[in-house]
Amino acid sequence: MFPGVVRLKAVASEKMIGFAAGDVRPREGLGWITTIGVLPPFRRNGIAYALLSSCEEEMGMPVVRLCVRRSNLSAQQLYLKAGYKPAGVWERYYNDHEDALVLQKDR
Ligand SMILES: CC(C)(COP(=O)(O)OP(=O)(O)OC[C@H]1O[C@@H](n2cnc3c(N)ncnc32)[C@H](O)[C@@H]1OP(=O)(O)O)[C@@H](O)C(=O)NCCC(=O)NCCS
């Protein structure tokens with residue numbers, strides 16, 4: 001484990017079916033969710049929500065941020081349900097020039 005990094009995985013039948021990771025920036029009071037994913041056959045079972053909640057908890061920061069592609073509506077629904085609010089836009093952030101939406105949750 002790297003200091004300042006939280007890494008979590010969801011396991012079923014000894015196989016990794018989901019993961020999440022976050023960077024902890026204590027001087028800024030900020031946690032950044034850097035990645036989250038669940039294998040397609042296991043989606044819509046609350047696994048990402050549980051990983052996200054655990055990652056927020058383990059980071060222990062008062063503010064959590066993340067960014068998501070403008071077109072990724074399923075992930076945006078997840079973050080909305082988890083209490084994230086719009087906090088900015090990074091225009092043409094991704095390699096293919098799609099915008100990143102920055103979302104924030106105050107805990
Ligand atoms: C986004 C992702 C992580 C969601 O994983 P998941 O385990 O299916 O999510 P959950 O079951 O915990 O969903 C929690 C809530 O998010 C929302 N949600 C999740 N997937 C959704 C979808 N396809 N359409 C609409 N809402 C969705 C719903 O509100 C859902 O609650 P509900 O099932 O009670 O309606 C998954 O689809 C994935 O791995 N996608 C590819 C990787 C990715 O986009 N990662 C995010 C990058 S920012």
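How many nonpolar, polar and charged residues does the shell around the ligand have?

1. Composition of the shell. In this predicted model, the shell around the ligand divides by class into 10 nonpolar, 6 polar and 3 charged residues. The ligand is surrounded by 19 residues, and the closest are Val 38, Arg 44, Gly 46, Asn 72 and Lys 81.

2. Origin of the shell. Four elements each contribute at least two residues to the shell around the ligand: strand 3 (30-38), helix 1 (47-59), strand 4 (63-69) and helix 2 (73-81). Helix 2 provides the largest share, with 6 residues.

3. A nitrogen atom of the ligand lies 2.9 Å from a polar backbone atom of Ile 36, and an oxygen atom of the ligand lies 2.8 Å from a polar backbone atom of Val 38. A side chain also takes part: an N or O atom in the side chain of Asn 72 is 2.7 Å from an oxygen atom of the ligand.

4. Burial of the ligand. Taken alone, the ligand exposes 920 Å², of which the protein buries 72%.

5. Aromatic pairs. The count comes to 4 aromatic pairs. One of them joins Trp 32 and Trp 90; this pair is tilted, with 5.8 Å centre to centre and 35 degrees between the planes. The pair links distant parts of the chain, given that Trp 32 belongs to strand 3 and Trp 90 to strand 5 (residues 85-90), 58 residues apart. Strand 3 is also among the elements that supply at least two residues of the shell around the ligand.

Methods
Residues numbered from 1 in each chain as written. Predicted model: local features only at pLDDT ≥ 70, side-chain atom pairs only at ≥ 80, totals over all residues. Heavy atoms only, no water. Near = heavy atom within 4 Å. Polar contact = N/O pair within 3.5 Å; in protein donor to acceptor, adjacent residues only side chain to side chain. Areas by Shrake-Rupley, 256 points an atom, 1.4 Å probe, with all protein chains shown as cover. Nonpolar A, V, L, I, M, F, W, Y, C, P; charged D, E, K, R; others polar. Phe/Tyr/Trp six-rings, centres within 6.5 Å; stacked < 30°, edge-to-face > 60°.
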